[in-house]
Amino acid sequence: MVNLRDENVLRELNLYPLWVRRNIPTPDTGEVNSVAAEADHFAAPLSAELIPPVSQDQRISVPGVDVAKLDWPELGQKVHECVSCKLRAGCAQPILGSGDEKAEWLVIGEDPGVDENASGKLLENMLAAIQLKRGNKVYQTNIVKCTPTEQHTLGADEIGQCLPYLHRQISLIQPKLIIVLGKIAASALLGKEGTLASLRGSVHDYQGIPVIITYHPAYLLRMPAEKAHAWQDLCLAVATMKLSKEKNEQ
């Protein structure tokens with residue numbers, strides 16, 4: 001397990017030496033409230049681009065494929081073969097996801113490009129800050145499985161083509177909690193319209209699974225002051241997971 005007192009992780013999240021860790025394995029509900037209050041004093045307001053939410057009728061099935069019956073190998077093969085949208089033409093290798101296929105925690109981003117740059121390192125540190133590591137009870141995937149070019153902006157049609165694959169992944173994993181990174185992924189998964197500021201800070205629901213929405217790591221690299229709010233979201237995720245487990249044990 002990663003030590004929660006690891007100063008390198010806290011420095012990377014721009015949270016050291018502002019917070020002094022308590023000698024506990026994970027933040028409790030009281031710590032979540034304390035972090036939330038403290039972060040509000042210096043976190044800058046959100047200025048995020050909006051995209052149209054993907055409506056229910058855009059969550060189409062894959063033509064000729066009963067996605068709901070696919071197991072992991074079949075799902076991976078279908079994603080590899082998919083040419084349903086123009087993203088595939090510029091993508092050498094679609095990526096279904098990575099990590100523990102029976103994970104308790106599911107992290108959903110925008111596209112696989114997060115793993116190819118500094119955003120991936122920051123995401124790893126965000127997970128490490130709450131004692132998580134991809135592959136150990138954590139699975140990471142994205143709304144779309146192909147990485148767009150730098151000049152391309154994701155559209156609702158492209159997102160809609162990939163959503164059946166994501167829904168099947170969630171069904172196979174059956175996570176206890178979902179963390180969503182960014183406005184695009186949140187809007188696509190939940191079908192909710194609104195700014196990220198209005199969506200984060202509360203617990204949402206996807207078919208009975210609690211969902212926590214936070215900033216995309218790429219945005220945090222551009223706006224490092226928002227790392228404080230991201231930490232607040234991660235603490236909320238930990239507290240929500242703890243409450244969910246306690247409820248299930250009763």
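The model is predicted. Its average pLDDT is 78, and 72% of the residues score at least 70. An open sheet of six strands, with mixed pairing, runs in the order E1-E3-E2-E4-E6-E5.

**Confidence**

- Residues 1-5 have a pLDDT under 50. For them the model has 15 contacts beyond four places in sequence.
- Residues 17-60 also fall below 50 in pLDDT. This stretch has 93 contacts in the model beyond near neighbours in sequence.
- Where pLDDT is low, the predicted coordinates should not be read in detail.

**The sheet and its edges**

- The strand order is E1-E3-E2-E4-E6-E5. Strand E1 (98-99) and strand E5 (203-206) stand at the edges. Each has a single partner strand, so one side of each lacks a neighbour in the sheet.
- E5 pairs with E6 in the antiparallel sense, over four bridges. Within this pairing, Asp205 has Pro210 of E6 as its bridge partner.

- Strand E4 spans residues 177-181, and five of the five are buried. The strand is therefore largely enclosed by the rest of the structure.
- Buried side chains point both ways from E4. Leu177, Ile179 and Leu181 point one way, while Ile178 and Val180 point the other way.
- Strand E2 (residues 105-109) pairs with E4 in the parallel sense over four bridges. Leu106 has Ile178 of E4 as its bridge partner.
- Strand E6 (residues 209-214) also pairs with E4 in the parallel sense, again over four bridges. Here Leu181 stands opposite Thr214 of E6.

**Helix H6 across the sheet**

- Helix H6 covers residues 183-190. H6 lies across E2, E4, E5 and E6.
- Relative to E4, H6 runs at about 135°.

**Helix H3 and its buried side**

- Helix H3 covers residues 72-81, and its buried residues are Trp72, Leu75 and Val79. They cover an arc of only 65° around the axis, so they lie on the same side of H3.
- An α-helix has 3.6 residues a turn, so residues three or four places apart point the same way.
- The cover over the buried residues of H3 includes strand E3 (138-142) and helix H5 (156-173).
- At the start of H3, a side-chain oxygen of Asp71 comes to within 2.9 Å of the backbone nitrogen of Glu74.

Key. Residues are numbered from 1 along each chain as its sequence is written. This is a predicted model: local features need pLDDT of at least 70, side-chain atom pairs count only at pLDDT 80 or more; totals for chains, interfaces and linings use all residues. Side-chain values use heavy atoms; hydrogens and water are left out. pLDDT is the predictor's confidence in each residue, from 0 to 100. Contact means heavy atoms within 4.5 Å. Buried means under 20% relative accessible area, exposed over 50%, partly exposed in between (1.4 Å probe, protein chains only). Helices (H or I, at least four residues) and strands (E, at least two) are DSSP runs, numbered from the N terminus. The arc is that of the directions from the helix axis to the C-beta atoms. A polar contact is a pair of N or O atoms within 3.5 Å; within protein, one must be able to donate a hydrogen and the other to accept it, and residues adjacent in sequence count only if both atoms are side-chain atoms. Two strands pair if DSSP finds at least two bridges between them. Axes are lines fitted to C-alpha atoms, for helices over the stretch in contact, and angles run from 0 to 180 degrees between N-to-C directions.
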